Amino acid sequence: TSQAKPHVDYSVYLVTGRELLPRGKTYTECLEEALKGGVTVVQVREKTAETGEFLSIARQTIEICRRYNVPVLINDRIDIALASGADGIHVGQTDMPLAEARKLLPPNAIIGVSCNNIEHVKAAIAGGADYLGLGSIFPTNTKDVTEPGRIPGISGTQDMLAVLEGTTIQSVAIGGIKIDNLARVLHGCSSPNGHGLDGIAVVSEIMASPEPRIAAERLAKTCSSWKSVPRRPVSFTTPLSSAVAYVRRSAELLELVRTLSPLVHQITNNVVKTQSANATLALGGSPIMAAAAEEQVDLARIPGGLLINFGTVEDVGGMLAAGREANKNRKPIVFDPVGVGATAHRRATATRLLDAWQATVIKGNAAEIGAVAKLEEVASKGVDSVGSGFKDPATVVRTLARKQRCIVILSGHIDYISDGDTVIQVSNGHPLLSQITGSGCMLGTTVATFCGAASMEAEKEPSETDPGTLVKGDMLSPAVAGVLALTIASERAAARDTVLGPGSFLPALIDELSLLTPDTIESSAKITVNTL
Ligand code: 3NM
Ligand code: MG
């Protein structure tokens with residue numbers, strides 16, 4: 001009988017892996033506990049079993065899953081799917097081609113395809129796949145993904161999701177997904193227009209767990225809270241009504257920085273460590289410059305902000321760990337990819353970091369933002385950008401913010417700040433800023449200080465329930481406040497009689513950061529706001 005396709009909820013997709021079962025746990029026990037915990041679809045994956053054993057496992061799986069109304073798919077083997085009466089199959093790129101599989105299976109069979117790149121996605125759409133497994137998102141020990149191009153990561157998955165826009169094909173991400181990185185996966189895996197995943201697939205997080213029910217429950221809880229949040233291109237912000245409102249909020253945030261004195265944890269480069277720490281102190285924050293991977297778990301537990309500035313590209317292990325831990329603890333991360341366009345190593349490192357964790361704010365000059373956005377309009381010379389920037393900076397920051405799902409700050413003569421919808425331009429500042437080293441790095445520091453204070457404030461509000469976002473509270477205003485604080489302080493420092501040039505400017509700048517008041521921000525800010 002030809003029937004309609006079964007409805008499949010892809011939210012928490014379990015791929016089996018009997019070889020990973022912990023000692024003392026049987027396959028059927030694990031499966032049943034996982035179903036109780038909220039697994040919504042099961043794929044039976046047997047890489048070494050003989051046909052007879054595979055069929056018997058498939059039948060046992062179907063019998064148990066039927067009781068929970070959960071569909072069962074078979075990895076690769078059409079014969080097993082037909083003989084067991086499974087709901088469909090899942091094929092990899094080197095398995096039975098989709099078109100052949102369609103011919104052999106009943107019309108209501110579900111067929112899923114593994115995709116590692118946009119060519120795979122296009123072929124799967126053309127072939128009429130029901131859903132796609134996108135991955136590997138992260139490295140994993142469960143499957144050999146060492147071939148080049150086999151780990152598209154978050155950024156490659158964003159590109160694949162953009163191809164799926166406008167189709168009804170469902171998708172799950174797979175590969176190294178754990179409860180600790182799930183929020184980052186769900187947040188990051190989205191096209192610029194907000195086409196996201198329908199679920200996530202795991203093997204070891206459930207199969208290797210001594211408590212598969214709890215493992216499944218945790219995944220299901222995070223997935224459902226994520227789905228209950230309206231899908232916005234960037235989910236950090238609620239726009240304010242006017243330029244005046246942003247200035248007022250910036251002034252209020254300065255007060256907050258001084259009251260809360262957020263810990264501002266900075267992994268930054270050797271050139272600027274002292275002056276960045278001093279800028280943080282001057283503003284009212286509490287700096288800690290800690291880069292060792294081993295200390296990141298402890299530091300991430302303390303509320304505040306994190307700055308990752310990869311200036312001299314050292315401490316990458318610490319940067320990876322710090323960002324992951326910050327995401328887990330919902331702390332804001334300001335990422336300053338200094339000189340990212342200058343070398344292939346820097347470009348690769350930026351991609352590696354952004355695949356490992358979700359930045360809250362990415363800040364850079366025109367060359368850096370151009371390199372992160374993969375635009376070729378602006379040349380760079382070492383870590384400095386050459387020329388005045390982009391023809392249409394507002395579009396550049398807005399587009400990158402949507403793609404990276406974070407706030408983007410483009411620094412320059414005029415600074416542009418965007419969350420993907422709103423673009424704010426700040427025209428405060430002084431030419432002396434570009435005559436000292438590390439003023440860009442100080443901007444990262446001031447922004448991280450304000451973001452840290454804003455997230456501490458938001459965490460204190462018990463009424464706020466936004467489990468789907470990686471950071472509580474609005475992060476666009478603190479980004480604006482950080483830009484205003486440094487640029488206004490620079491104007492005031494440069495106006496001092498005692499400042500004769502870059503040498504005397506730097507200490508005056510630190511002084512002015514410490515003397516800055518909410519009133520000064522309100523009376524000096526020069527900003528405009530454009531919302532799409
Ligand atoms: N397929 P874990 S990665 C079965 O990239 C599988 O297509 C992948 O296992 C792909 O959740 C993978 O234990 C293994 O990392 C996922
Ligand atoms: Mg396969």
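In which sense do strand β9 and strand β11 pair, and over how many bridges? The structure is a predicted model, in which local features need pLDDT of at least 70 and side-chain atom pairs count only at pLDDT 80 or more, whereas totals for chains, interfaces and linings use all residues. Residues are numbered from 1 along each chain as its sequence is written, and chains are lettered from A and ligands numbered from 1 in the order in which they are written.

Strand β9 (residues 263-267) pairs with strand β11 (residues 304-309) in the parallel sense over five bridges, strands being DSSP runs of E of at least two residues, and helices runs of H or I of at least four, numbered from the N terminus; pairing requires that DSSP finds at least two bridges between two strands. Gln266 has Leu307 in β11 as its bridge partner. Both strands belong to an open sheet of nine strands with mixed pairing, ordered β10-β9-β11-β12-β13-β16-β17-β18-β19. Its edge strands, β10 (286-288) and β19 (527-531), each pair on one side only, and the twist averages 20 degrees from one strand to the next.

Helix α5 (residues 118-126) packs with helix α6 (residues 153-164) at an angle of about 25 degrees, their axes lying 9 Å apart, where axes are lines fitted to C-alpha atoms, for helices over the stretch in contact, and angles run from 0 to 180 degrees between N-to-C directions. The two helices are therefore roughly parallel, a term that covers angles under 35 degrees. Ile118, Val121 and Lys122 in α5 meet Asp159, Met160, Val163 and Leu164 in α6, contact being defined by C-beta atoms, placed from the backbone, within 7 Å.

Technical notes. Parallel < 35°, antiparallel > 145°, perpendicular 65-115°, else oblique. Contact = placed C-beta atoms within 7 Å.
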